[in-house]
Amino acid sequence: MRHRSEAWRKIDGASFDVCVIGGGATGAGSALDAQLRGLSAVLIEAGDFASATSSRSTKLIHGGVRYLQEAVTDLDPGQYNVVKRALRERRFMLDNARFLAHPMEFLVPCYSRWDVLYYGVGVKIYDRIAGKHNFFPSRYRSAADSLARWPLLQGSGLKGTIAYADGQFDDARYCVALVQTFTQGSGEAVNHARVVSLRRDTGGKIAEAEIEDQLTGAKTTVQAKIFVNATGPFSDHIREMAKPGVEKRLRLSKGVHILLPLDERVTEAVVVPKTDDGRVIFAIPWLGRLLVGTTDDEVTHEDELVVKRSEADYLLRQLNRYLSRPYSVEDIVGGFAGVRPLVSSGKPGKTKKLIREHEVEIDRESGLISVMGGKWTTYRAMAEDAINAVQQQLGLAVGGCATREHHLSGSDGYSADYPKTLAATYGVPDPTARHLCEKFGTNAAGVLDLAQHQPELAQPIVAGFPAIRAEIAYSARNEMAATLDDVLERRTGLQFYSWKTAMEAAPVAAAVMQKEMGWDSARTQHEVEDYVRTISGWTQKIGVAKDDAKA
Ligand SMILES: Cc1cc2nc3c(=O)[nH]c(=O)nc-3n(C[C@H](O)[C@H](O)[C@H](O)COP(=O)(O)OP(=O)(O)OC[C@H]3O[C@@H](n4cnc5c(N)ncnc54)[C@H](O)[C@@H]3O)c2cc1C
């Protein structure tokens with residue numbers, strides 16, 4: 001990727017075949033698909049890549065066991081089709097970026113023989129639907145075996161667990177890898193750039209977008225033959241911009257996650273199969289933490305997107321029922337909240353009942369193509385459908401999608417041994433090599449080359465943690481990171497590990513960014529203060545202050 005200021009210069013007044021608005025999973029996937037089909041494409045993102053829903057997911061690459069349950073109990077073919085499609089996509093997603101995604105075992109605790117039978121049969125159906133795309137067959141694990149894997153599980157009355165396969169990934173980094181791959185082709189992308197208006201030509205079709213730089217206030221325009229609206233929860237805003245008064249299509253559902261200290265013996269995930277409100281909750285080892293989520297409550301854009309105390313309490317209550325030693329709110333070391341962009345069925349009812357199917361809408365009058373709904377797991381299929389619609393609108397032959405087997409940047413030459421090779425080649429500690437590989441794949445060599453040229457960048461960002469300062473410089477130069485939040489949340493992942501550690505890291509990260517971005521000292525100080533104020537506000541909201549354990 002270009003440096004952000006250069007990217008801005010490149011798009012300034014330029015013309016493209018396709019302009020994709022929104023740099024989350026759907027937009028980044030659509031931009032890459034368009035570029036691989038030979039279309040000239042630009043991607044415009046209002047915040048940072050993946051800064052909205054696409055970095056707030058449960059990090060699952062899954063068909064959805066809950067959706068399967070609903071498909072069976074409600075005899076709902078729509079739910080069944082979503083599961084089937086997602087299970088096929090799961091494989092592509094994993095194969096295209098092995099450093100960012102891997103299979104994982106999920107344990108469903110059973111406290112009666114009926115549960116063993118019920119969940120056992122359920123996941124066998126899941127296996128069958130996945131067919132040749134399955135990672136490994138589901139199986140029964142005895143109570144003793146299950147407790148050895150998850151020592152915190154409530155042992156009393158445990159009849160065993162049903163274990164099945166799904167995938168896990170780093171959502172924020174996956175999105176950055178998509179954009180990186182897109183720009184390594186001929187694609188142009190810019191973040192922190194908001195589409196503020198759309199202009200139609202004399203024929204009534206959208207021909208130009210006005211874009212405002214969110215960091216400098218500068219404005220520019222971009223022309224394109226087709227505009228794709230991939231703005232997730234904000235899709236109705238862009239639809240309204242294109243056609244004032246248009247009927248809204250989305251319902252928004254908030255989901256929160258909390259992060260807890262992880263028992264290091266745990267490598268599998270646990271599924272809470274039945275919550276008070278008839279949903280499932282996951283407790284998943286994720287980059288050294290236990291990620292617990294999620295909730296599902298309808299919201300509007302006016303609602304605050306933070307983890308509330310009541311939501312944290314709800315998650316802990318559901319999980320603790322399955323544990324021998326309960327977690328308390330003081331154990332929480334981090335968390336995040338996101339909004340699901342769900343396509344409305346037109347009927348009232350709870351958002352948890354809405355099918356996670358996606359929809360591509362072509363507005364014949366303005367030419368706007370909106371791709372809405374779906375899941376991270378189906379981003380590629382959504383992009384394929386969206387770019388098919390683009391080709392159709394351009395009067396081109398529809399086809400030529402190449403994303404099923406297109407490896408993402410950082411994948412080439414990657415293998416399970418790569419972290420060891422990296423550690424040996426550059427003489428860095430194993431945890432740092434592993435961390436860099438999990439974030440950058442083979443591009444980690446570029447990070448360490450930087451550290452070799454500027455040895456001060458080889459230092460950890462926070463003592464005792466594997467992340468190093470060179471990641472920040474690398475992300476600013478090569479991944480368009482432009483704010484503290486970009487580097488601490490989505491590029492290095494420190495904020496997902498611990499709020500406290502992220503606050504400690506802020507001044508160090510800001511010093512590196514100051515050099516990279518040419519910030520003056522007032523700007524640097526403001527970035528740190530603003531960042532720390534935001535995060536401490538979140539901790540106060542749920543009342544966590546406890547010192548958290550280091551990795
Ligand atoms: C709590 C939760 C858990 C989830 N868990 C999973 C899971 O485990 N697995 C799974 O498969 N899916 C999961 N999902 C769903 C998945 O995260 C979303 O479907 C997906 O991330 C949506 O991506 P998107 O690109 O459509 O939207 P977003 O990621 O929201 O991207 C839209 C982008 O458009 C940008 N934008 C908005 N307006 C403008 C403008 N005017 N100009 C330019 N840019 C603009 C925004 O800044 C944003 O970055 C979960 C969702 C939630 C909320």
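**Exercise 1. Identify the atoms that meet the ligand in this predicted model, and describe the shell around the ligand.**

Solution. 
1. Begin with the backbone of Thr58: one of its N or O atoms lies 3.0 Å from a nitrogen atom of the ligand.
2. Turn to the oxygen atoms of the ligand. A polar backbone atom of Trp376 is 3.1 Å from an oxygen atom of the ligand, and an N or O atom in the side chain of Thr377 is 2.6 Å from an oxygen atom of the ligand.
3. Consider the cover. On its own the ligand has 1000 Å² of accessible area, and the protein covers 95% of this area.
4. Locate the shell in the fold. Two or more residues come from each of the elements α2 (25-36), β8 (193-200), β11 (250-261) and β16 (334-343).
5. Name the nearest residues. There are 38 residues around the ligand, of which Thr26, Glu45, Ser54, Leu60 and Thr377 come nearest.
6. Sort the shell by class: 14 residues are nonpolar, 18 are polar and six are charged.

**Exercise 2. Describe how helices α14 and α17 pack.**

Solution. 
1. Two packed helices are described by the angle between their axes and by the distance between those axes.
2. Helix α14 spans residues 469-478 and helix α17 spans residues 499-517; the angle is about 35° and the axes are 9 Å apart.
3. The handedness of the crossing of α14 and α17 is right-handed.
4. On the α14 side, the contact is made by Arg469, Ile472, Ala473, Ala476 and Arg477; on the α17 side, by Val508, Ala509, Val512, Met513, Glu516 and Met517.
5. By class, these contact residues comprise eight nonpolar, no polar and three charged residues.

**Exercise 3. Locate a cis peptide bond and a positive phi at a residue that is not a glycine.**

Solution. 
1. The cis peptide bond joins Gly293 and Thr294, with omega of about 20°.
2. Thr294 belongs to the loop between β14 (289-293) and β15 (297-299).
3. The positive phi, about 65°, is that of Ala50.
4. Ala50 lies in the loop between β2 (41-44) and β3 (60-61).

Terms used
Residues are numbered from 1 along each chain as its sequence is written. This is a predicted model: local features need pLDDT of at least 70, side-chain atom pairs count only at pLDDT 80 or more; totals for chains, interfaces and linings use all residues. Side-chain values use heavy atoms; hydrogens and water are left out. Axes are lines fitted to C-alpha atoms, for helices over the stretch in contact, and angles run from 0 to 180 degrees between N-to-C directions. Helices (H or I, at least four residues) and strands (E, at least two) are DSSP runs, numbered from the N terminus. A crossing is left-handed if the near helix is turned anticlockwise from the far one by less than a right angle, and right-handed if clockwise. Contact means heavy atoms within 4.5 Å. Ala, Val, Leu, Ile, Met, Phe, Trp, Tyr, Cys and Pro count as nonpolar, Asp, Glu, Lys and Arg as charged, and the others, Gly among them, as polar. A residue is near a molecule or strand if one of its heavy atoms lies within 4 Å of it. A polar contact is a pair of N or O atoms within 3.5 Å; within protein, one must be able to donate a hydrogen and the other to accept it, and residues adjacent in sequence count only if both atoms are side-chain atoms. Accessible areas come from the Shrake-Rupley method with a 1.4 Å probe; for residues, only the protein chains shown count as cover.
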